[in-house]
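Here is a short briefing on pockets and salt bridges. Look at the structure first, then read on.

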Amino acid sequence: MKRKLLIMVLAAVLCLLAAVPALAADTFAFTEKSIRIFEDEEVTLALRQEGKYADGEISFSSDNARALTVSDDGTVTPVAKGRATVTAALKQNGKTVRKATIEVQVLRRVTKVTLSRKNLTVMEAGDPLLDGVLIAADDLDLPVIVLPVSRGMNLSASCTPEDANNRRVAYASSDVGIAKVSTEGNLRGVEAGECVLTVSSVQNPEIVEQYRVLVVEPVKKISIEAPSKTLFAGETMELDAVCSPDKASIRKVTWTSKRPNVATVDENGVVTGVAKGSATIEATALDGSKVTASFTVNVQQEVTSITLKQDNVTVATKRQVQVNASAQPAEANNRQVSWESSDESVATVKSGTITGVSPGTCYVTARSVSNPSVTASLMVTVYQPATKITFTTQNGISFHKGTSRQLDWVIEPSNTTNKAVTFKSNAPKIATVDEYGVVTGLSRGSATITVTTADGSNKSANIKVNVTQPVEGVNLPQYTYYVPIGRGVNIKAAVQPSDANNQKVSWDIADPSIASVRSNGTSTGKVTGNWPGTTVVTTTTEDGGFTASANVEVGDYDNAVRLENLEISADNKIRIVLWNTSNYTITRVKFRVLCYDTMNYPLICNTDGVTNGFDGSYPLTLNPGERTQHGRFNFGNYRESGTLGSVTLIITGFTFDNGQEWKIPEEYWVATQPAYSRNMWTPTPTPVPIPGSDGGANG
C-alpha cells in the first residue's frame, strides 16, 4: 500500500505566496512535526519553502536505516518497526543553507485477533448436541459460545504479532438484549437467544474474530443413576444423568473420569473398569452453567503374572544392564514389582537395574508388590572384561621371509573371563597371522599386526613386523676380468636374490702385488692393476658369508690389437689390416678413422655432414695372432664425400670373448701414422656432401 501525503491546498497557498514575494516569510520546514505510518506503507513528505528558501537543491536522509529509508524525492519507505528522524537539507550555490526535520514512527500492524477459549464453553455450530437448540445454524458458520442467562464471564483476547504497536482489542455484541459485553470484555447473558460477538483490533479495526453467542436457560441440578457401585476390570456399566429443571435449554452432559487408569467413561456415560481402585465419574452440563454431579465406582483387579523380557542376561563387572518386568494383566491396579538378587556378591539389582559385582552366576527375581506370591526370575552371568591388552615386545620384531614368529601378548586384568583374541594383518601380502598369533613372512616389507579382545571390550594393540629377504648367494658375472696396469676396472657382485635387504659385500685379492681392490661397502669393487700377471679376486656377502671368485689378469691391453696396414686404394677406398698380438680371443674391435683431402685439410666424411672422422668396427672373432680379413669391416657412419688424401686410425677398444668390453680411455688414444693416397698434394676441389646420399667403405 502506498499513501501519498500531498497537501494540495498547501501547494496552492504556496503558489499564491510565491506571487507576492514581498510578503512571504523565509520558511523551510516540513508541514508536520511528526507522522506515523505502517510497515507496508510509503509516504511522500511535504515541505514548506518560502521566501529566500523557495529555491535550491533538496536532499533527504534518515538517521535510522533499520527503521526506514528515504529517497531523493522525499518518499519514506519503512523497513521495520521503529523510529527515525528524517532530515531535509537545502543547498543553494553548493552550500547547505537550511535544514528541516520530522519524526517518523513505523508501526507494526495487527494481523490477527484471537479470543482465548479458556473457561469458555465453545462448541461448533454443527455439533449434534446443539440440534434443536441453535436457531438457523446454517446461516452463520461460526463457533458457538454457550452462556447461561444472568451468567457472566471475562473474555481475554490477544493480537498477533506480539510486537504490534497497539495490541488492545474492542468487544461488541450484535444484540445487547441477548448478551452484552463491556469494554473490558465482561460478557453477560441477558435473555435466552442468539447474537454475534465481535472482537476487533483497536489499531487495525478491520482485523476481527467473531463467535455466535447462545444464551440458554441453565441446568440447575444433575442427578446420576447407576446400576451398581462396583465394577470388575474389563466390565462395563451405563450411567444416566438427569438434568433439571425441565425447561433447561440444553439437557445434555459431558462425562469425564478423574482416574481413567482405573475406570473410563465414554460420551454416552458407559463406564469401563481398567484397573483395581476407585474412580470418580463426573457429569457436567453442556450449557456452560458449570453444574456438575459425580459418582464413585470401585474397580477390582489383581496381578496374576509377571513377564520378564529376558530369560538370562550377561553383564560385565562394574557395568549395568536394565531388565524390564511387566505385571499382568495390564489393567491391574498396582503393577509395581520389587527386585531381589540371590547372591549380591555376584550382582545387585535396584529398580530392575542389575550391576555386576564379581564373576559368577546368580538369579534376579521380580516380585509383585500387591500380590507377593507372583514372581518371575532370570539367571545373571557376570564376567570380567579385558581392560587392556599389550604385546610383550614393544619395539616390533624382524625376521626373514619364509620364517615364522610366535607373538606374545598380555591381557589385563589377570582374571579376565574371556581371554580369546583375534588377529589381523594390514598387509597380508607381506606377512600373515593365524588365529594363534603366529606371524609368517611372505615377502620383504613391513606390516602391522593388530590383536583385539573378543569379549566385546574392543581393546586392541599393534605391533610392527619387518620381514627381511636374506642373502641366498652371490656370483660374479665373469669368470675372468682383464685389468690394465695402472687403471681400474669396476666389478659388480650379483647378490642373490636381487631384493635381499643387505646388499653389502667385502672384497679380497689373492696377490696384492698384481692387483689391488677397493670397495665403498656396496656390491661394487674396483680392481686396479699393479703388475702383469694373474690373481684371484673374491667377494663375500655381509649377510650369510656367501663368496664368489673370478680370475684377474693384469696386462697392457691397450696394445692387444695393433694396426698392421692402412692404405688408400686407387679407387678411393680405405683398406685396413688389424692384428691380434695378445694371447686372448677378441670378438670385436672398435676404431675411429680421421680423413683429410689431398691438401691435407680435414675432409668431411661423416653422415652428420660436419665431422672429418667416423667410427668403425671389425665384428669377427680374432684369435691370438690372427689378422683381420679384407672386406669384413663395418664403417658405420662413413660417407664418401671427396678424394681422400690421407687417413689415420685410432683403436678405441675391443671385446674379450668372455663378454668384457675393453674401452681405451680417450686420453690414451694413439693415432697411427697417416696413410697417403697417390693423389696427395694434388689440388682438387673437395665436393660438398649432399644430404641424403649414401656413402660407405670396406677395409
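D246 and R251 form a salt bridge (a side-chain nitrogen of Lys or Arg within 4 Å of a carboxyl oxygen of Asp or Glu). Their closest N and O atoms are 3.6 Å apart. This is a predicted model, in which local features need pLDDT of at least 70, side-chain atom pairs count only at pLDDT 80 or more, and totals for chains, interfaces and linings use all residues. Residues are numbered from 1 along each chain as its sequence is written, and side-chain values use heavy atoms, with hydrogens and water left out.

**Salt bridges**

- The count comes to 16 salt bridges.
- D246 is exposed, at 65% relative accessibility. (Buried means under 20% relative accessible area, exposed over 50%, partly exposed in between, with a 1.4 Å probe and protein chains only.)
- R48 and E50 also pair through their side chains, at 3.4 Å from N to O. R48 is partly exposed at 32% relative accessibility, whereas E50 is buried at 7%.
- R109 bridges to E206, with 4.0 Å between the closest N and O atoms. This pair links distant parts of the chain, 97 residues apart. R109 sits in the loop between strand 9 (95-107) and strand 10 (112-115), and E206 in the loop between strand 18 (193-201) and strand 19 (208-216). (Strands are DSSP runs of E, at least two residues, numbered from the N terminus.)
- R109 is buried, with a relative accessible area of 18%. E206 is exposed, at 53%.
- A network of salt bridges links D40, E41, R109 and E206.

**Largest pocket**

- The largest pocket holds about 360 Å³ of space. (On a 1 Å grid over the protein atoms alone, a pocket is an open set of points where a 1.4 Å probe fits, with protein on both sides within 12 Å along at least five of seven lines; lining residues have an atom within 4 Å of a point. A volume is the space filled by probe spheres set on the points.)
- It is lined by 19 residues, and N119, L120, T121, G288 and K290 are the closest to its centre.
- Strand 11 (122-123), strand 12 (144-148), strand 13 (152-154) and strand 27 (277-285) each supply at least two lining residues.
- The lining has 9 nonpolar, 7 polar and 3 charged residues. (Ala, Val, Leu, Ile, Met, Phe, Trp, Tyr, Cys and Pro count as nonpolar, Asp, Glu, Lys and Arg as charged, the others, Gly among them, as polar.)

**Second largest pocket**

- The second largest pocket has a volume of about 260 Å³.
- Its lining residues include D558, R562, I651 and Y668.
- Strand 56 (residues 561-568) gives the largest share of this lining, 3 residues.

Conventions: Helix = DSSP H or I, 4+ residues; strand = E, 2+ residues; numbered from the N terminus.
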